[in-house]
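Visitor: I've got this model open on my screen and I'd like a walk through it. Can we take it a piece at a time?

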Amino acid sequence: MAENERTVSLSWRGIPYECRIVTADRPQTTEPLLIVGGGVQDVHAWPRLERRLTAHTAVIVPKLPDLDDAPDPTEHDFDTFIDALCHALDELGIERVNFLGVSYGAPLAFRMARAHPGRVARLLLAGATPSLNPAMAVLTRDLVERPRRSDDEDLERTTDEVFAKRIVSILLNSAEADDIDKASTVNRMLHRYFMHHAATARRYIASHRLLLDQELYPPGGLDGVPALVFTGEHDQTSTPEEARAVAATISGSTFLLIKNADHMAHLEREAEYADLVIRFIHDRSLDGLDYCTPPERPHTPSSAAPVRT
Amino acid sequence: MTAVTRPTDGDDPPEVIDFGYIRDILVDHAALDPAPITPDATLAQAGVDSMALTVLSMTVEDRLGLLVTEAVLAQAPTVAALAGLVAGRAADHAL
């Protein structure tokens, strides 16, 4: 492990989890950046983004508790993850963070900012949607209902292949591939990743079953925290309209779209994605950036309750 | 260090498949920082992640017509070994 990073092993209500922190290459002028992403994130989940970000800010990457490891999984919901994140920050001696919630991590970031406003200096929501993408919800339910892995290797390999194709087809917008940077590379990488990690990914996605039937964002909106909501212009997992609907619930929030990207914008346009994050957490202007749409302010006093479009 | 020269079509100079060839793909196509990419660096030390391996595999296939999967590339203990692996496959392919 490099000298500028450390990983702590933690436990929350009997569930083990981990958190890794990488210190910045230069003196800090903003709070550390906490990154929580999709359901299969581990503490090394963001190598490309991390490389670009740690030149400017400390980065904290947790592996969330797996609810299936809980003594009683039925006792848990979003609050378990929020409490575990606060516990991790306490253990690291960190009071406030900039919180980048990506995809599934976006509602966690939003909820943490609501429940613990003193701990979130700035909120960044990427790939946010008011409720789970219908295709992802169907996939999650299928994984929950699927029997345990069999001893038939050919059957399991075929099942893994189908799973990998399904989840990649949800995450990537193949219809707009010609207008998305690195589309073929990201498609192949994700497919290989989900084939290689199929068992783990399937188990982890299935563990989100408790969260299927509730609104990801509680009604009432959010104010008092600077917020940026963004995604790729071709995102079909959390569409621009859905992401804008989330932004509309946050007072004073800024909304924009990264061009030539979809839900996996952090892979497709990593340099621009990192630049956007660095600008926002340092309170720099987001105007006039050629890689994204002009910033919008979608919040109105009547738009506090997100509705799936 | 292993280096293999492959003839190319037309008037282009032959391609030399060595450490520099692999490093250039990792920097120019996989967007890695060149500084940590040294012959003795492990893939992790060089910043070679799954995305970079995918880019390398696809580029080698496009340029050389070689199918070397990411899983095979990932087994190289160092960047020099990675170059040697691709060069070896290219030499076998040329026979």
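This is a predicted model: local features need pLDDT of at least 70, side-chain atom pairs count only at pLDDT 80 or more; totals for chains, interfaces and linings use all residues.

Visitor: What is the order of the strands in the open sheet of chain A?
Guide: The sheet is built from eight strands, and their pairing is mixed. Its edge strands, which each pair on one side only, are S1 (5-12) and S8 (254-258) of chain A. Neighbours in this sheet are turned against each other by 20 degrees on average, ignoring direction. Read across, the order is S1-S2-S4-S3-S5-S6-S7-S8.

Visitor: Let's zoom in on S3(A). Which residues of S3(A) are buried on one side and which on the other?
Guide: In a regular strand, side chains alternate between the two faces of the sheet. S3(A) covers residues 33-36, and both of its faces are covered. Leu33(A) and Ile35(A) are buried on one side, and on the other the buried pair is Leu34(A) and Val36(A).

Visitor: Which residue in S4(A) is the bridge partner of Leu34(A)?
Guide: S4(A) is the strand at residues 59-63, and two bridges join it to S3(A). These two strands run parallel. The partner of Leu34(A) there is Ile60(A).

Visitor: And which residue in S5(A) is the bridge partner of Leu33(A)?
Guide: S5(A), residues 97-102, is joined to S3(A) by four bridges, and the two strands run parallel. In S5(A), Leu33(A) is partnered by Asn98(A).

Visitor: Staying in S5(A), is Gly101(A) buried or exposed?
Guide: Gly101(A) is found in strand S5 of chain A. The cut-off for the call is 20 or more other C-beta atoms within 10 Å. Gly101(A) has 25 C-beta neighbours inside 10 Å, so it counts as buried.

Visitor: Which residue in S6(A) does Gly101(A) stand opposite?
Guide: S5(A) and S6(A) run parallel and are joined by six bridges. Leaving out residues up to four places away in sequence, Gly101(A) touches Val36(A), Ala106(A), Leu108(A), Ala109(A), Phe110(A) and Leu125(A). The one that stands opposite Gly101(A) in S6(A) is Leu125(A).

Visitor: What about the helices over the sheet: at about how many degrees to S6(A) does H10(A) run?
Guide: Helix H3(A), residues 105-115, lies across S3, S5 and S6 of chain A, at about 145 degrees to S5(A). Helix H10(A), residues 270-281, lies across S3, S5, S6, S7 and S8 of chain A. To S6(A), H10(A) runs at about 155 degrees.

Visitor: Over to the other chain. In what order do the elements of chain B run from the N terminus on?
Guide: Chain B has four helices and two strands. Buried residues make up 34% of its 95 residues. From the N terminus on, the order is β-β-α-α-α-α.

Visitor: What feature does UniProt place at residues 16-90 of chain B?
Guide: Over that stretch the chain is 55% helix and 3% strand. Its end C-alpha atoms are 10 Å apart. The UniProt entry, which is unreviewed, labels this range "domain: Carrier".

Visitor: How do H1(B) and H4(B) lie to each other, and why?
Guide: The axes of H1(B), residues 19-28, and H4(B), residues 79-94, come within 8 Å and cross at roughly 105 degrees. Phe19(B), Tyr21(B) and Ile22(B) meet Val79(B), Ala80(B), Leu82(B), Ala83(B) and Val86(B) in this contact. Angles of 65 to 115 degrees count as roughly perpendicular, so H1(B) and H4(B) are roughly perpendicular.

Visitor: Last one: which element gives the largest share of the side of chain A that touches chain B?
Guide: Here 10 residues of chain A are in contact with 10 residues of chain B. On the chain A side, the elements giving two or more residues are helix H1 (47-53) and helix H6 (183-196). By class, the chain A side has four nonpolar, one polar and five charged residues. The largest share, five residues, comes from H6(A).

Key:
Residues are numbered from 1 along each chain as its sequence is written. Chains are lettered from A and ligands numbered from 1 in the order in which they are written. Two residues are in contact if their C-beta atoms, placed from the backbone, lie within 7 Å. Ala, Val, Leu, Ile, Met, Phe, Trp, Tyr, Cys and Pro count as nonpolar, Asp, Glu, Lys and Arg as charged, and the others, Gly among them, as polar. Axes are lines fitted to C-alpha atoms, for helices over the stretch in contact, and angles run from 0 to 180 degrees between N-to-C directions. Angles under 35 degrees count as roughly parallel, over 145 as roughly antiparallel, 65 to 115 as roughly perpendicular and the rest as oblique. A residue is buried if 20 or more other C-beta atoms lie within 10 Å of its own, exposed if 12 or fewer, and partly exposed in between; C-beta atoms are placed from the backbone. Two strands pair if DSSP finds at least two bridges between them. UniProt positions are given in the numbering used here, feature names are shortened, and annotations may be inferred rather than shown by experiment.
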